[in-house]
Amino acid sequence: MAKKRKPPSIKGDPRIHDPHFKGPVVNRSCTDVLCCMIFILFIIAYILLGLVAWVNGDPRRVAYPTDSQGHFCGQKGTPNENKPILFYFNLLSCTSPSVVVNLQCPTRQICVSKCPEKFLTYMEIQFMYRKDRNDWTYYSQFCKSAFLKPAKTLTQVLLDDDCPTAIFPSKPYLQRCFPDFSTKNGTLTVGNKTVFEDGSGKTRNAVELRAAANGINKVLDARAIGVKVFEDYATTWYWILIGLTIAMLLSWMFVILLRFTAGFLFWLFTFGVIGIIAYGIWHCYREYSNLQGQPNAHLTVFHIGIQTDISMYFQLKQTWFAFMIILCILEVFIILMLIFLRDRIRISIALLKEGSKAIGYIPTTLIYPVLTFILLSICISYWAVIAVYLATSGVPIYKVIAPEGQCKHENKTCNPEIFNTTEIAKACPGAQCRFAFYGGATLYHQYITTFQIFNLFVFLWLINFVIALGQCALAGAFASYYWALKKPDDIPPYPLFTAFGRAIRYHTGSLAFGSLILAVVQMFRLILEYLDKRLKQAQNNISKFLKCCLRCCFWCLEKAVKFLNRNAYVMIAIYGKNFCRSARDAFNLLMRNILKVAVMDRVTDFVLILGKILVAGCIGVLAFLLFTERLPMIIVGPTSLNYYWVPLLTVMIGSYLIAHGFFSVYAMCIETIFICFLEDLERNDGSAERPYYMSQSLLKILNEQNAQTKKQ
């Protein structure tokens with residue numbers, strides 16, 4: 001007869017829990033009220049920031065290109081209403097493609113109704129005007145203002161910046177005129193020409209023009225791909241929806257059937273790994289034996305030294321002997337772990353099965369990820385809208401731009417209306433006053449960057465709060481299942497709805513506290529990444545090493561905080577204590593059962609990863625066969641796809657995300673049941689006064705029985 005297990009004493013335990021605890025506490029009080037008030041104040045400030053940004057911002061500045069005077073191209077109700085495209089006078093002066101996109105290229109930009117379609121220079125127009133005035137009519141539409149005839153000399157045109165010195169065939173993209181590049185017999189051309197006059201007496205080639213707009217041309221190349229991708233989506237959208245629906249059904253079936261297959265999947269994988277390692281040992285021994293009789297069998301790593309050709313090391317018997325020893329050690333380690341941790345593994349598998357039962361009894365929990373998705377979508381949309389409105393707040397700001405970059409007044413603020421009469425124009429011949437960005441001198445405009453940082457921080461806080469709310473609500477529902485002595489009769493009605501209401505009503509402050517800690521860590525990680533990108537060119541080896549260390553530390557800290565928060569939310573859902581106390585209780589409980597925690601985490605991770613891969617893989621295989629027209633005898637799928645991998649990847653990634661949503665509920669279920677299981681072991685002894693609440697399968701593994709069961 002098994003010896004009666006004595007429950008651990010809780011004397012001196014900082015937790016003051018009811019020893020006759022029988023489920024999530026009903027009579028609760030609000031926790032972390034101060035943090036709740038701060039959280040509400042931040043939300044109010046966030047809403048006010050959105051209103052202020054909405055009043056001062058103008059998203060049209062993103063939708064419409066802007067000329068050198070800060071006027072929108074193509075905006076209704078303006079003189080440029082019928083001129084939706086931006087034209088650059090001298091694209092060759094734009095040495096960087098990013099300068100072109102940011103509208104800070106040191107050349108005049110005007111709004112036009114269409115892009116040039118042929119080569120023409122200002123000097124050519126002056127001669128052609130005498131014979132045919134229509135050519136000047138065509139050319140003048142690309143000038144700053146209308147002229148009756150090309151009377152000015154080329155020097156005057158350059159000084160006054162009235163017209164481009166030359167135009168060349170272009171096509172509109174992103175509402176901007178870019179060169180019409182093409183390839184002829186392997187040679188880059190513009191309008192079927194490899195060389196052309198730039199209007200200032202120089203002969204240019206298409207390669208130079210390509211260099212001035214290199215990044216833009218890549219975008220132009222991507223345009224055709226984008227059109228084809230859109231066509232593929234238009235053809236296969238309903239097949240994609242069918243695939244995602246099947247993925248949802250498969251995920252649901254996998255979770256429900258885990259009560260029957262969890263043990264089989266785990267042991268199948270484990271013995272598969274043992275078999276693969278055993279094969280590796282045999283293969284290493286065979287290679288070692290074959291090399292034993294070779295003439296150069298005596299050679300070692302020290303004889304051949306460091307070689308760039310890795311295959312040379314596989315010609316040494318020493319290499320295969322080392323591999324064999326490593327694999328033998330790994331094989332023995334795995335077998336010993338399975339032997340000594342077999343009971344804990346059996347408990348973990350039983351808990352996996354118990355989690356599947358819990359979801360079967362509370363199926364509404366599988367719908368909860370939809371609510372989480374909706375709330376996250378609202379947060380992301382609000383953040384993006386505020387970011388755009390903040391970025392487009394202000395009035396047009398003009399800066400001095402010198403084409404040669406040799407002006408001491410460069411980047412100074414200027415007024416385009418009086419610029420030509422100022423000392424700057426005299427001190428820097430050729431300098432121009434061009435539109436740079438939107439800003440202002442008011443207090444609001446001075447703190448735009450601070451508001452963007454605040455926008456990002458509150459966004460992270462809200463995202464983590466939404467996730468925390470879901471974890472706490474699910475934990476409360478699954479805790480109600482575990483602490484029901486007679487399942488499912490004693491499970492309270494609407495457990496998920498009740499747990500969600502408790503979390504919102506009593507524990508908003510605690511959830512905000514936990515999500516605040518995580519948001520601060522994530523904010524530091526983002527700042528570190530930002531500094532890394534801004535200072536990338538000025539880094540030495542020491543700074544790179546420190547950066548990697550900091551990145552690793554913050555990554556580990558974020559993972560640790562997430563793990564601690566998740567278990568703290570479980571304790572909050574069960575006992576209704578504040579965040580710090582719940583986190584401490586959860587940490588102490590897990591530390592007292594560290595081996596069980598380690599085994600449980602590994603087994604759960606394996607099953608969930610296997611499930612995600614299984615769902616995404618099955619849907620991916622079916623989608624591959626369908627989109628590559630390899631199932632004509634069974635079903636006729638879409639034909640004539642440009643890129644079959646576009647809908648295929650969409651279905652696979654979507655299936656994985658759907659499976660992740662379902663299995664995140666399952667993971668929270670397992671975590672909650674595991675915490676409850678540990679609490680059950682510590683607080684109860686199977687007597688009539690303190691019976692175990694765990695299932696009969698777990699009692700059987702632990703060789704325990706409740707007093708009522710013994711009498712029966």
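Me: What makes the span of helix H15 close to the expected one?
Reply: In this predicted model, H15 covers residues 448–482, which is 35 residues. From first C-alpha to last it reaches 51 Å, and 51 Å is expected at 1.5 Å a residue.

Me: Why is H15 called mostly covered?
Reply: Buried means under 20% relative accessible area. Of the 35 residues in H15, 27 are buried.

Me: Why are H18 and H19 called roughly perpendicular?
Reply: Helix H18 (residues 541–575) and helix H19 (residues 579–592) pack at about 105°. Angles of 65 to 115 degrees count as roughly perpendicular, so H18 and H19 are roughly perpendicular to each other. Their axes are 8 Å apart.

Me: Which residues of H18 and H19 meet?
Reply: On the H18 side, they include Phe-563, Leu-564, Tyr-569 and Ile-572. On the H19 side, Phe-579, Phe-587 and Leu-590 are among them. The contact residues divide into 11 nonpolar, three polar and one charged.

Me: How do you know that Cys-73 and Cys-111 form a disulfide?
Reply: The cut-off is sulfur atoms within 2.5 Å. The sulfur atoms of Cys-73 and Cys-111 are 1.9 Å apart. By this rule the count comes to three disulfides.

Me: Why is the disulfide of Cys-73 and Cys-111 called left-handed?
Reply: The torsion about its S-S bond is about -75°, so the disulfide is left-handed. Cys-73 lies in the loop between H2 and S1, and Cys-111 in strand S2, so the pair ties together parts 38 residues apart in sequence.

Me: What makes Cys-115 and Cys-177 a disulfide, and are they buried or exposed?
Reply: Their sulfur atoms are 2.1 Å apart, and the limit is 2.5 Å. Cys-115 has 5% relative accessibility, so it counts as buried. Cys-177 has 4%, so it counts as buried too.

Me: Is the link of Cys-143 and Cys-163 left-handed or right-handed?
Reply: Right-handed, with 115° about the S-S bond. The S to S distance is 2.0 Å. Cys-143 is buried, with a relative accessible area of 6%.

Me: How do you know that Cys-580 is too far for a bond?
Reply: The closest cysteine sulfur, in Cys-35, is 9.4 Å away. A disulfide needs sulfur atoms within 2.5 Å, so Cys-580 is too far from Cys-35 for a bond.

Me: Why is Cys-580 called partly exposed?
Reply: Buried is under 20%, exposed is over 50%, and partly exposed is in between. Cys-580 has a relative accessible area of 45%, so it is partly exposed.

Technical notes
Residues numbered from 1 in each chain as written. Predicted model: local features only at pLDDT ≥ 70, side-chain atom pairs only at ≥ 80, totals over all residues. Heavy atoms only, no water. Axes fitted to C-alpha atoms, helices over the stretch in contact; angles between N-to-C directions. Helix = DSSP H or I, 4+ residues; strand = E, 2+ residues; numbered from the N terminus. Parallel < 35°, antiparallel > 145°, perpendicular 65-115°, else oblique. Contact = heavy atoms within 4.5 Å. Nonpolar A, V, L, I, M, F, W, Y, C, P; charged D, E, K, R; others polar. Expected span 1.5 Å × (residues − 1). Buried < 20%, exposed > 50% of the residue type's maximum accessible area, 1.4 Å probe, protein only.
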